[in-house]
Amino acid sequence: TPVLAERMSRVKESPSSRVADRVRAFQAAGRKVLPLTIGEPDFDTPDHVKDAAIKAIREGETKYTSANGTPALQKSIISRLERKTGQSYGTGEICLGGGAKQLIFLAFVATLDEGDEVIVPAPYWVSYPDMVTVNGGRPVVVDTTAADGYKLTPGGLRAALGDRTKWVVLNTPNNPTGAVYSEEELRQLADVLRAHPHVSLLCDEIYDEINFGADPVPSAVTVAPDLRDRIFLVNGVSKAYAMTGWRIGYGAGAAPLCAAIGTLQSQSSSCPSSVSQAAAVAALDGGREFIDRTVRIYRERRDLLVSGLDAIEGLRPSVPRGGFYVWTDASALTGAVTPSGSTITSDADFAGHLLETSGVVVITGDAYGCPGHFRASFALDSDTIREAVSGLAHSVSLLR
Ligand code: PLP
């Protein structure tokens, strides 16, 4: 057996994949499960996107492309960025990945030296800390509070900054909390960063189209265009267009960073799939009908899930402004006793109790750096959401 590299001790399997495996194992054993764990749209990829992919296959767009994407896709990305941020990016300021996830990983490979620090506000998307550590960096986790809407404050940022800080990661809308940073909040954070020229901002905007607010989700680069070279925007087609399996993500930022990511891409995968790139062009250029329709449905489901959770004593859900997750404070149930006489002392105890008594599966807060909470997805049909809420209510009612 080849001996694994030391860096493998600094990375673990994504908790979401682990939970998905557990759900499959339970189902295979014939047990009913209600998975509120789903991290991807349950809608099908729109037909016009599929048609574009089929056309690309038929017309021979089946070869390697440039590492940072076909000219057609670069053009679509640049237009989308201009619509969102008002900034016009050049092709050298665009990079492409097999998903936003791979791009974030490559950005860390490209920039982190041993001991460099990355500020990660908690609750955080499960992958950021591992992506930092496996690349030799050190995640500096900054806890946020419900009172601050689970958002990094200027004071919190200032206190976490140091000589070794390379990045601050902002995820807006946030997975798992659904928090969206306002223009004013972004401006205040940018004001702090202006005084620290060695620090860059990685903005993960993958959920920006799944937006329940009246206005579009603001981007840091819009409020601080002077920091444009220090802001790396990350987005993709996975969530907005129900294209998680197509694996296309994109980034926009300083040309040397994008070139470095392109170099890494060229030496690791050559390029993301040419067929998926053609599909992504159709998605980005295809108008808002799909997004508007699905966001209307997400909104109904969100309201259903939030009101259902809110009615359960001991649970305090926050109302998400974007994304498709409800973040719920369940800390009031710590110390409660199950019918079999065991005390709930950890997130694992709570998750185990839910699974045993109602088959409901959630991803608990410890995975996001914030124990005592859980994330429940509403990328599910309303009947399943209703059934899961009843299940949760039953499980919680059994606790003493
Ligand atoms: N960023 C966040 C916050 C996510 O939740 C996800 C997917 O779960 C991603 C990035 C990855 O998206 P992609 O499918 O484009 O790799």
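Pro123 is located in the loop between E3 and H5, helices (H or I, at least four residues) and strands (E, at least two) being DSSP runs numbered from the N terminus. The peptide bond that leads from Ala122 into Pro123 is cis, with omega near 0 degrees. A cis peptide bond also joins Asn175 and Pro176, where omega is about 20 degrees. Pro176 belongs to the loop between E5 and helix H7 (183-194). The model is a predicted one, in which local features need pLDDT of at least 70 and side-chain atom pairs count only at pLDDT 80 or more, while totals for chains, interfaces and linings use all residues. Residues are numbered from 1 along each chain as its sequence is written, and side-chain values use heavy atoms, with hydrogens and water left out.

Two residues other than glycine have a positive phi, as follows. Phi of Tyr150 is near 60 degrees, and this residue lies in the loop between E4 and helix H6 (154-160). Tyr150 is buried, at a relative accessible area of 10%; buried means under 20% relative accessible area, exposed over 50%, and partly exposed in between (1.4 Å probe, protein chains only). Phi of Ser270 is near 70 degrees, and Ser270 sits in the loop between helix H9 (255-268) and helix H10 (274-285). Ser270 is partly exposed, with a relative accessible area of 26%. Most residues other than glycine have a negative phi, and most peptide bonds are trans.

The open sheet consists of seven strands in the order E2-E8-E7-E6-E5-E3-E4, with mixed pairing; two strands pair if DSSP finds at least two bridges between them. Strand E2 (94-97) and strand E4 (138-143) stand at the edges with a single partner strand each, so one side of each has no neighbour in the sheet. From one strand to the next the twist averages 25 degrees, where axes are lines fitted to C-alpha atoms, for helices over the stretch in contact, and angles run from 0 to 180 degrees between N-to-C directions. E2 pairs with strand E8 (residues 249-252) in the antiparallel sense over four bridges, and Ile94 stands opposite Ala252 in E8.

Strand E5 (residues 165-171) has six of its seven residues buried, so this strand is largely enclosed by the rest of the structure. E5 pairs with E3 in the parallel sense over three bridges, and Val168 in E5 is the bridge partner of Ile119. The pairing of E5 with E6 is also parallel and extends over five bridges. Within E6, Ser200 stands opposite Trp167.

Helices lie across this sheet. Helix H3 (residues 71-85) lies across E2, strand E7 (231-236) and E8, and runs at about 115 degrees to E2; contact means heavy atoms within 4.5 Å. H4 lies across E2, E3, E5, E6, E7 and E8, at about 165 degrees to E5. The axes of helix H4 (residues 100-111) and helix H5 (residues 127-134) come within 9 Å and cross at roughly 35 degrees. This crossing of H4 and H5 is right-handed (left-handed if the near helix is turned anticlockwise from the far one by less than a right angle, right-handed if clockwise). Lys101, Ile104, Phe105 and Phe108 of H4 make the contact with Ser127, Tyr128, Met131, Val132 and Val134 of H5. By class, the contact of H4 with H5 comprises seven nonpolar, one polar and one charged residues, where Ala, Val, Leu, Ile, Met, Phe, Trp, Tyr, Cys and Pro count as nonpolar, Asp, Glu, Lys and Arg as charged, and the others, Gly among them, as polar.

Leu112 is in the loop between H4 and strand E3 (117-122) and is buried, with a relative accessible area of 8%. Beyond its neighbours within four places in sequence, Leu112 is in contact with Val118, Val132, Asn135, Gly137, Lys166 and Trp167. The C-alpha atoms of Leu112 and Lys166 are separated by 7.4 Å, although these residues are 54 apart along the chain.

Asn211 occupies the loop between strand E6 (200-204) and helix H8 (220-223) and is buried, with a relative accessible area of 13%. A polar atom of the Asn211 side chain lies 2.8 Å from the backbone oxygen of Asp215. The side chain of Asn211 also makes a polar contact with the side chain of Arg321 (3.3 Å); a polar contact is a pair of N or O atoms within 3.5 Å, of which, within protein, one must be able to donate a hydrogen and the other to accept it, and residues adjacent in sequence count only if both atoms are side-chain atoms. Leaving aside neighbours within four places in sequence, the contacts of Asn211 include Pro216, Val217, Val295, Arg299, Arg321 and Gly322.
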